Amino acid sequence: MAKLRIGLIGLGMAAAPHAKALLDLKDRVEVAAAFSPTPARRKAFSETYGFLTCDDAETIFSDPSIVAVMILTPPNTHLELVRRAAEAHKHVLLEKPLEITQERARAMVEVAEHAGIKLSIVLQHRFRPVSMAFAGLINEGRLGEIASASARLHNWRPQSYYDQPGRGTQARDGGGVLLTQAIHTLDLLVSLAGLPEEVRAYAATSKVHRMETEDLAMAAIRFASGAIGTVSATTCAYPGYPDEIDVIGTRGMARLGGRSLAASFHDGTEISIEDEAAGGAGADPMAFPHNHHRAVLADFLDAIEHGGEPRVTGREALKVHRLIDAILAAAESGQPERP
């Protein structure tokens, strides 16, 4: 089978795990060109990974041999770039979040759907073996009916992280800890327990950081089934701790903590699973292995080659955006909000 030709747009910090994944899957995919508007980034990327670069994104969009595009640019650029990919009828693997507002995110999803292209979102926590085992416990009924589902993300980011131009601003990133860091854990929570029906919340910019958006958010959530839970997200928790998701059911409880899944059941049985090393919770946000990014890429390639849908489509990713918006809206209004 011929290799699928792909182009990369955006060669910043987020590009490294994707480049490593592309090298791992070089028997299935070929990087035709990689673009950044910054010459130094193009040079460094080419020297590090051996991929060809170009000095104009149009080189990628206009090449009919390129079947798909990986968009790894800041969130506020996503709508326009996906629109250009759709016009060129190229499938898109897009770094999270979808966009800086839910309205722009919805517009982007509709553009992709109207054009008939695949739009896969990089929410790699769903591809962790421990995450898939957790989903299996729930889907198989091992935990019984869900009584409570909660998520906690206690990361650490030093002030130097937010001193980078545009970092943590509404204009470029669309938000703070919820949209940039916690989106992964919250997306996993939604995939496991469903989208909450009601949210009550607080959010703040703490004294730990000088930044425009929130670095601390707390919420109480209620699901349509009557199950309740909490969300806690921050980048103030020095030196950074693994994310956690707890699900309490009528037959037992399961807890995912970083790379570990532990479950205990009322019948006395227990399960314990260890994944490969996790990371990214501390000062270096890229301190994690790239194997889950490789799984995202393989899923995207499968969808293109076999005609199915990727595991996390743009429309599926809209769910976590709805939850994040509801948390922020509830924090601002002081009233319960519906995602």
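## Ile304 in helix H9

Ile304 sits in helix H9, which spans residues 291-306. Helices (H or I, at least four residues) and strands (E, at least two) are DSSP runs, numbered from the N terminus. Ile304 has a relative accessible area of 17%, so Ile304 is buried. Buried means under 20% relative accessible area, exposed means over 50%, and partly exposed lies in between (1.4 Å probe, protein chains only).

Leaving out residues up to four places away in sequence, Ile304 touches Leu4, Val67, Ala68, His91 and Lys118. Contact means heavy atoms within 4.5 Å. Ala262 is 42 residues from Ile304 in sequence, and their C-alpha atoms are 35 Å apart in space.

## About the model

This is a predicted model: local features need pLDDT of at least 70, side-chain atom pairs count only at pLDDT 80 or more, and totals for chains, interfaces and linings use all residues. Residues are numbered from 1 along each chain as its sequence is written, and side-chain values use heavy atoms, with hydrogens and water left out.

UniProt lists "domain: Gfo/Idh/MocA-like oxidoreductase N-terminal" at residues 4-120, in an unreviewed entry. That span is 42% helix and 22% strand, and its end C-alpha atoms lie 16 Å apart.

From the UniProt record, also unreviewed, comes "domain: GFO/IDH/MocA-like oxidoreductase" at residues 137-254. Here the span is 20% helix and 33% strand, with end C-alpha atoms 9 Å apart. UniProt positions are given in the numbering used here, feature names are shortened, and annotations may be inferred rather than shown by experiment.

## Helices H4 and H5

Helix H4 (residues 78-87) packs with helix H5 (residues 102-115) at an angle of about 5°, and their axes are 9 Å apart. That makes H4 roughly parallel to H5. Axes are lines fitted to C-alpha atoms, for helices over the stretch in contact, and angles run from 0 to 180 degrees between N-to-C directions. Angles under 35 degrees count as roughly parallel, over 145 as roughly antiparallel, 65 to 115 as roughly perpendicular and the rest as oblique.

From H4, the residues His78, Leu79, Val82, Arg83 and Ala86 meet Arg104, Ala107, Met108, Val111 and Ala115 of H5. Seven of the residues in this contact are nonpolar, one is polar and two are charged. Ala, Val, Leu, Ile, Met, Phe, Trp, Tyr, Cys and Pro count as nonpolar; Asp, Glu, Lys and Arg count as charged; the others, Gly among them, count as polar.

## Salt bridges

Side chains of opposite charge can pair when their charged atoms come close. A salt bridge is a side-chain nitrogen of Lys or Arg within 4 Å of a carboxyl oxygen of Asp or Glu. By this rule the count is 21 salt bridges.

Glu30 and Arg5 form one of them, at 3.1 Å from N to O. Glu30 lies in strand E2 (residues 29-35) and Arg5 in strand E1 (residues 4-9), 25 residues apart. Glu30 is partly exposed at 36% relative accessibility, and Arg5 is partly exposed at 23%.

## Bridges across the chain

Arg84 pairs with Glu58 in a salt bridge, with the closest N and O atoms 2.8 Å apart. Arg84 is in helix H4 and Glu58 in helix H3 (residues 58-61), so the pair ties together parts 26 residues apart in sequence. Arg84 is partly exposed at 25%, and Glu58 is partly exposed at 37%.

Glu316 and Arg126 form another salt bridge, with the closest N and O atoms 2.9 Å apart. Glu316 lies in helix H10 (residues 314-333) and Arg126 in the loop between strand E6 (119-122) and helix H6 (129-139), so the pair ties together parts 190 residues apart in sequence. Both Glu316 and Arg126 are buried. A network of salt bridges links Arg126, Asp187, Glu316 and Lys319.
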